[in-house]
Amino acid sequence: MAAEADVPLDDKAKRMRDLLSSFYSPDPSASSDASSKSYSLDAINTTSFDADQYMNLLVQKSNLEGLLKRHVGMAAEIKNLDTDLQMLVYENYNKFISATDTIKRMKSNIVGMETNMDQLLEKIMSVQSRSDGVNTSLFEKREHIEKLHRTRNLLRKVQFIYDLPARLNKCIKSKAYADAVKFYTGAMPIFKAYGDSSFQDCKRASEEAMATVIKNFQGKLFSDSESIQARAEAAMLLKQLDFPVESLKAKLLEKLELSLMDLNLKAGETNKSSVDPNDNSKEGSLSELLSPASHEASVREFVEAVRAYRVIFPDSEKQLSSLSRDLVIKHFETMEQYLQKRISSTDLITILKTIWTDVILMDEVLKEAALPEFSLEAAQVAVKKYVAGKFSYLLQDISDDLLRRNENTVSYSLQIALEAGKESVLQGSINVLLDFQQLLEDDLGLLVKLRDFIVDWVQEGFQDFFKTLDDHFNLLSGKKNLANKEQSTMEVTQSDKGLLGLVLVLSQISVFIEQSAIPRITEEIAASFSGGGVRGYEYGPAFVPGEICRRFRSAGEKFLHLYIKMSTQRISVILRKRFTTPNWVKHKEPREVHMFVDLLLQELEAVGSEVKQILPQGLQRKHRRSDSNGSTTSSRSNPLRDDKMGRSNTNRARSQLLETHLAKLFKQKVEIFTKVEYTQESVITTIIKLSLKSLQEFVRLQTFNRSGFQQIQLDIQFLRAPLKESAEDEAAIDFLLDEVIVAAAERCLDPIPLEPPILDKLIQSKLAKTKD
């Protein structure tokens, strides 16, 4: 109460609380003890209230105005308390009146009840006495009837025993062996009790009939023509006849194993006869090869046999579990045969549904085998192999489309090969994703549990697929054997003529994969194959498109440079033949442009034809000599060199050659080799530059007489126009052609050039022949 007094309440509420507390308090002394310690104005509501002490305390704490307010308030409280007490009295009075009325009604209802109860008791006693009389009078008759009834039942049993041999023979004739067992087992207790005395003949006849039944059951049990369920039923009936079926346990299990083998052999024969595992030409449908209805019926028959076997042999769970697991293993081995060929996801789902149905049916009778978990592990391996196989077939399709052009270069253009390769990469990848998406959307229990695994396998599969595709592109292009081939340029040129176009196609496909295929595939994966996470976050994301893009960006550049290198090597063969075959020191006077020029231009024309099929055109800006950052004076147009070539004195020509070298030191350097772009002009110009560089090196390895030098001058002058027309950097071409003439002059014993009229006449003659 001391704690409650600290709550700010008005005086009226405090007094009402204390009044009720004092009224309902079980220990009034407790409140008096508390108030004796600290007396306050609230003590008016306690039992130890002292009026004098209260008045003294009130006078001390309050002034006159406060005393008057206290007086008015106390008077109002007294009036309210009187009113409350009056209301309580009225309410209690109404309740007392209501209780009095209820008691009066109860008294009026109970009056006369004792008389009725007495009358009821008299009637009950009368009924009981009459019932005892009836029982006494009918007791003897009832005993007689019951005795007759027992006798009748006994006679029926005796009659049944006498009729049993005839009944059994009738069941044997109608092949109702189960009824025969039912009748005989019903009579077995009587035969055991009285079979050696009263019913000896009946017992002997019945046993002879049952011997026939047992023999029939044994025949069914070991008959291959009988169904598993019929054999199991025969075993159960033999057990009811107290036949020692435990001795048949091993034989029955062997029969069950044979039936399981027959089931699997049928599936295997279907696979071998209808499916060729080596036939990967196109996707086949296995829905026609699988007959779910007949297969499910066979499995249900096997399940019923297992159920019966468990009833006959309760301790056979281990053997039956092993058999059921063998069946699941055989199913997945059959599935492995299907996966050896190209099948669709619909066929895969059909096979998995068949297996899962079998697992659910067998799990109903063999919970101990844990078949769902066992089949989930096997399905995980099979589906992962299916996903990997899809990527392998996609790689094979891309390779086939690219190599088809290489096998038939006449009727199959590079443009067709490029478009076929692009479609194989992009559309083939989209088709693979759609196929995998069917696996995710199916509600089969096995696939639902494998969804996260499938997402990870698809992402990992695409990552590994594009790495493998890059390696396969390198294999197709022959980059891995390029080092060996460089040792024999002749062999490279003759054996790899069809390979050049393929390398150029691979370069453009690599660019297409980086710029178009990977972004599209990334969008599809993000839309339908997000999630997963089974592989663990410590290994990072399964599919990294940025890494693939960098890989194919680098591959595209490498293949483009490889194409340029191989094309230059082919041209180098012509140049090597030209400069290693004749004896340049004894060369005759030039009469016409040499035929190697035609061969060189033919090779460049073939390169241009291939490039124009694959690469786009550039800006078509010719880099002429006036636009070049280099010198506007070539080696041929140098006044010192022209003056030198016009002189007939050999010694003086050699001194002028030294002056030419000194003049070249003060020339502004021409930028020969620049970055190769994915354009027709850039690739052709680079190949021409490299070819002219090779030509210059071959010239430096020879020693020429005057006629040989003049022949080189004539050939180079004829090449100048067509090469400048094909290349986009005319300044660099002019510079390289001039360098070839300078190199020939340096290696010449008497470097006197042809007169311009003679040079022009020979060139015009060659042009006329070419035109004709």
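**Entry 1: aromatic pairs.** I worked with a predicted model. My search for ring pairs returned a count of 14 aromatic pairs. The planes qualify because edge-to-face applies to angles over 60 degrees. I located Tyr386 in helix α14 (residues 371-407) and Phe436 in helix α15; the two residues are 50 apart in sequence, so the pair ties these parts together.

I checked the accessibility of both partners. Tyr386 has a relative accessible area of 4% and is buried, because buried means under 20%. Phe436 is also buried, at 0% relative accessibility.

**Entry 2: a further pair from α14.** I next looked at Phe391 and Phe462, an aromatic pair with 4.8 Å from centre to centre and 80° between the planes, hence edge-to-face. Phe391 belongs to helix α14 and Phe462 to helix α17 (residues 451-477), so that distant parts of the chain, 71 residues apart, are linked. I found Phe391 buried at a relative accessible area of 6%, and Phe462 buried at 0%.

**Entry 3: α15 against α22.** I turned to the packing of helix α15 (residues 414-441) on helix α22 (residues 595-614). I noted the crossing of α15 past α22 as right-handed. On the α15 side I found Leu414, Gln415 and Leu418, which meet Glu610, Gln613 and Ile614 of α22. Sorted by class, this contact comprises 3 nonpolar, 2 polar and 1 charged residues.

**Entry 4: a charge over a ring.** Where does Arg167 lie relative to Phe183? I found Arg167 over the face of the Phe183 ring, at 5.7 Å from the ring centre.

**Entry 5: a backbone check.** I noted that Ala370 has a positive phi of about 50°, although this residue is not a glycine. I placed Ala370 in the loop between α13 (345-365) and α14. Is Ala370 buried or partly exposed? Its relative accessible area is 27%, and I therefore recorded Ala370 as partly exposed.

How values were computed:
Residues are numbered from 1 along each chain as its sequence is written. This is a predicted model: local features need pLDDT of at least 70, side-chain atom pairs count only at pLDDT 80 or more; totals for chains, interfaces and linings use all residues. Side-chain values use heavy atoms; hydrogens and water are left out. A crossing is left-handed if the near helix is turned anticlockwise from the far one by less than a right angle, and right-handed if clockwise. Helices (H or I, at least four residues) and strands (E, at least two) are DSSP runs, numbered from the N terminus. Contact means heavy atoms within 4.5 Å. Ala, Val, Leu, Ile, Met, Phe, Trp, Tyr, Cys and Pro count as nonpolar, Asp, Glu, Lys and Arg as charged, and the others, Gly among them, as polar. Rings of Phe, Tyr and Trp (its six-membered ring) pair if their centres lie within 6.5 Å; planes under 30 degrees apart count as stacked, over 60 as edge-to-face and the rest as tilted. Buried means under 20% relative accessible area, exposed over 50%, partly exposed in between (1.4 Å probe, protein chains only). A charge sits over a ring if NZ of Lys or CZ of Arg is within 6 Å of the ring centre and within 35 degrees of the ring normal.
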